[in-house]
Structures are given as structure tokens and as C-alpha cells.
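Open the structure in your viewer and get ready to select side chains. This tour goes from ring to ring.

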Amino acid sequence: MIQRLIRRVLGLAVETPQRVRRAKHGLARDALTPGALKVCEVLRDAGYSAYVVGGAVRDLLLGFVPKDFDVATDARPEEVKPLFRRAMVIGRRFRLVHVMLGGETVEVSTFRAADLETTQKDEHGRVLRDNVFGSQEDDARRRDFSVNALYYDPATEEVIDYHGGLADLKKRVMRVIGDPEERYREDPVRMLRAVRLGAKLGLTLDATTRAPIRRLAPLLERVPPARLFDEMLKLLLSGHASACLRQLREVGLHKGVLPMLDVILDQPLGERFVTLALGQTDARVLADRPVSPAFLFAALLWHEVLAAWKSHRAQGEPSALALEAAMDEVLDTQCEKLAITRKLTATMREVWAMQPRFEMRSGQRPWRLIEAERFRMGYDFLALRAASGEVSADLEVWWRTFQSADDETRKEMLLPDTGPKKRRRRRKKSPGASASPSTD
Ligand code: ATP
Ligand code: MG
């Protein structure tokens with residue numbers, strides 16, 4: 001193998017894998033899904049090698065149910081595809097094959113190398129291109145953590161371990177393969193993955209894996225915003241967002257991912273609000289209930305909006321305009337770094353803009369508000385604000401009661417109208433116009 005030879009010549013280590021039998025690791029092939037088993041079997045029958053690899057092996061060995069199954073093989077994508085009835089080649093940079101079997105999709109990737117000569121890096125060491133096929137050994141070396149570089153062979157029920165991943169799993173540590181600084185420079189997202197996977201799996205970061213993170217945190221600024229957003233979403237929806245955030249602060253990464261989050265977390269009310277929001281999200285994810293990323297991002301940035309809103313009002317802007325300006329400002333800053341999608345920001349705005357309307361509990365306004373499309377989300381947001389002590393608990397109780405009360409009770413609940421007189425004198429507008437709040 002040429003790669004092996006080059007490494008020998010360069011005096012680099014050539015890894016010999018450990019082949020560990022089932023009696024030692026305990027993972028039986030029937031723990032795999034039928035799809036993953038079938039894919040490996042078909043590839044093997046066609047004369048290729050095929051292993052389940054990455055997150056699935058790691059999760060199974062730890063006793064978790066894997067999200068999905070990845071298979072690594074020495075067959076090229078164009079050789080894999082014809083072996084299956086429903087399969088397609090995806091990806092331009094890295095070509096992978098998605099094999100559909102039953103309701104399952106198994107991702108099949110060809111062993112890849114981080115080629116020492118052809119890999120393109122930017123001036124900070126970030127890898128821009130590395131799509132060379134390689135051996136299994138190369139494939140193991142380009143993976144991020146030792147626990148992610150385990151290959152399971154369903155035919156023999158052996159685990160093939162190049163980097164001591166099994167021992168690390170036993171010790172419950174995450175360890176970067178190779179030199180941590182170099183690996184983080186190649187791909188700074190690995191620092192976030194370390195935190196997310198550590199929190200999700202209950203593994204601690206090995207000292208050498210953890211040490212360079214604080215210093216290298218600014219490298220995250222180089223990561224394309226869309227990629228950062230994807231990774232943040234994974235982190236926030238992992239079911240372990242609270243633990244992740246705590247860990248992000250501990251290792252010094254929180255400034256890198258959500259600018260100004262450190263400021264928010266330093267305010268007692270802000271910290272309480274964010275902690276409650278994340279705790280609630282985690283509980284929902286773990287109970288398999290749906291969560292809204294828009295709600296979560298709206299919560300993470302709310303205290304930022306509050307601060308900006310306040311400063312605009314202090315400059316004499318009317319309240320509603322000041323809020324608009326504050327939302328623009330916060331979203332502009334965030335979107336530069338995180339490519340938060342338009343659909344998401346539209347919902348975040350709706351939820352934020354609804355908040356002052358909860359203060360208005362007289363006349364027709366409460367009736368109009370509960371008809372709003374995002375009322376439920378807006379109300380949940382209000383409940384979080386109340387729980388964090390930002391608004392009175394009475395306000396939340398009022399809205400909770402109002403929602404489920406009959407019309408008679410609702411009428412009795414209304415507060416005396418203290419709104420600006422001019423509003424009542426205004427001529428009736430089209431129904432859509434009533435949606436924009438006047439909060440002066
Ligand atoms: P999960 O799916 O639970 O989030 P995972 O480890 O399976 O975790 P994936 O993003 O599905 O994460 O990646 C699959 C595998 O690809 C990983 O286990 C790892 O071996 C490798 N990998 C993923 N991202 C990187 C990266 N940035 N650098 C090196 N290897 C990576
Ligand atoms: Mg995975």
C-alpha cells in the first residue's frame with residue numbers, strides 16, 4: 001500500500017489494529033439493524049470488505065440505541081450502487097451511497113485517506129479538500145476520536161480497533177486521534193463535536209484533547225456559517241443541551257458559537273432563562289416530543305434582544321420600532337456567524353414581537369392575540385419569561401386561564417382599557433392590520 005510506504009519512509013507510525021473478539025467486547029451481530037446487516041452481507045458476498053463504523057458501533061458498545069448506521073467498505077461508490085435495488089450516490093465532494101432497505105437508509109462510504117500530499121489547507125491549517133480513497137487504516141486515522149474509529153465486522157463479530165478506542169470507551173474518555181491541535185486546526189468543528197459527544201455519551205475529554213480548545217476557539221470563526229449552524233442544531237437538539245452548554249463554557253467555546261452568549265450568561269436573569277429553556281428542550285427531546293429550533297434560538301437570544309430594545313428606547317425611539325430595530329440588530333449579528341435559516345428567523349421574530357402584546361389585557365387585544373398563528377409558541381415563551389422572573393407570574397397565570405376560559409369568563413377577566421385613546425378612534429382596518437402591535 002503506497003500510503004503505508006510513504007508513512008514508513010517519512011518515519012510515521014504504521015498502526016497495527018487490534019482485532020477484538022466478541023467474548024471481549026460483548027457486541028453481538030443481532031444488535032445491528034436488518035438493513036445494516038444486509039448491506040454488509042451483500043458487499044461481502046460481492047468480494048468486498050464491509051464494516052459498521054463510527055457512531056453506531058460506539059453507541060452500541062455503550063448501550064445506547066444508534067441514530068443511524070454507517071458502513072465503511074473498500075468498494076468504490078460506483079461498485080456499491082449496482083449491488084442494491086434502491087441505492088443512490090450522493091455528495092459531490094465525498095461521494096457516498098445511500099442504500100434504502102425497508103424503511104432504513106444505510107450510508108455506505110468507501111475507505112478514505114487524509115492524503116498527506118494532496119490535502120489542501122488554508123493558512124490556519126483548516127482542511128479544504130480531502131477526498132482520496134485509501135485503506136481501512138487510513139480511514140481510521142482520518143476519523144476524529146478513538147471511540148469513533150471502531151469497525152465492527154458482522155461476519156466475525158470482531159471489533160477492529162486501530163487507536164485504542166475500546167480501552168477509551170472502557171475508561172469513558174474521548175481522545176482525539178493524532179495531535180489534537182493539528183486535528184482541530186484541520187477542522188475546528190471537531191472541538192464542538194468533542195463537547196457534544198462527550199455530553200451525550202457521558203464521556204470526559206482526555207486532558208490532551210481538552211487542553212488546546214480554549215486557545216483554538218477563535219478558529220470557529222473560519223467555519224462556514226451553514227456548517228456551524230448544523231452543528232449547533234445537533235448540539236441543542238441532542239437531549240443534552242444543558243450539559244453541552246455548561247461544558248462549552250468550561251472549555252471556553254461558548255463565545256465562538258453564539259456571539260455574546262457569554263454576556264447573556266453573565267446576567268442572572270439571562271442565565272436563568274437560558275438554563276430553563278435548555279432544560280425544557282432536553283426533557284422534550286428525551287421524551288421523544290417535538291421541539292422547535294426556532295423557539296430555542298429565540299430563547300437563546302432573547303436577552304440580547306431585550307438589551308438592544310432597551311438601548312433603542314433610551315434613544316427615544318417608540319417602543320414597537322425600537323423592538324423591530326433590536327430584532328434586526330441581533331439577527332444580523334448572529335446570522336453573520338451562524339446561518340440561521342430565513343424560515344427560522346421569521347418564526348423567532350413572531351415569537352419576540354408577540355411578547356409586548358401579552359402585556360395588553362384589555363379591549364379586543366387578548367382575543368386577537370389568541371387567534372395569532374404562533375400564539376401557543378408565544379405563550380410558552382411568556383411562561384419561560386415568567387419562570388425566570390423576568391415578568392410576573394400573574395401575567396402567565398392570566399394568559400393560561402384566559403386561553404381555556406369561556407367567553408363570559410374572558411370578558412370578566414379583561415382589565416380596564418388604559419390603552420392610548422387614538423387607537424380606539426382609529427377607523428377599522430383590514431383584518432391583517434390588527435396583527436401589528438402598538439406597544440407605545
Ligand atoms: P452522532 O451521529 O451520534 O451525532 P457520529 O459520531 O455518528 O455521532 P456523524 O456526524 O454521524 O457523527 O459521523 C460519523 C463518523 O464520521 C464519526 O463517528 C467519525 O468517525 C467520522 N467523523 C464525523 N465528523 C468528523 C470530523 N469532523 N472529523 C473526523 N471524522 C469525523
Ligand atoms: Mg452518526
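The stops below cover aromatic pairs, a cluster and charges over rings.

This is a predicted model, where local features need pLDDT of at least 70, side-chain atom pairs count only at pLDDT 80 or more, and totals for chains, interfaces and linings use all residues. Residues are numbered from 1 along each chain as its sequence is written, chains are lettered from A and ligands numbered from 1 in the order in which they are written, and side-chain values use heavy atoms, with hydrogens and water left out.

A search of the whole structure finds 16 aromatic pairs. Rings of Phe, Tyr and Trp (its six-membered ring) pair if their centres lie within 6.5 Å; planes under 30 degrees apart count as stacked, over 60 as edge-to-face and the rest as tilted.

Select Y51 and Y151. Their ring centres are 6.1 Å apart and their planes meet at 85°, so this pair is edge-to-face. Y51 sits in strand β2 (residues 50-53) and Y151 in strand β11 (residues 150-153), so the pair ties together parts 100 residues apart in sequence. Strands (E, at least two residues) and helices (H or I, at least four) are DSSP runs, numbered from the N terminus. Both Y51 and Y151 are buried. Buried means under 20% relative accessible area (1.4 Å probe, protein chains only).

Next, F295 and F381. With centres 5.6 Å apart and planes at 85°, the pair is edge-to-face. F295 is buried at 11% relative accessible area, and F381 at 0%.

Now select F358, W367, F375, Y379, W398, W399 and F402: ring pairs link them into a cluster.

Stay on F402. R410 lies over its face, 5.1 Å from the ring centre. A charge sits over a ring if NZ of Lys or CZ of Arg is within 6 Å of the ring centre and within 35 degrees of the ring normal. Finish at F94, where R112 lies over the face at 4.0 Å from the ring centre.

Note on methods. Buried means under 20% relative accessible area, exposed over 50%, partly exposed in between (1.4 Å probe, protein chains only).
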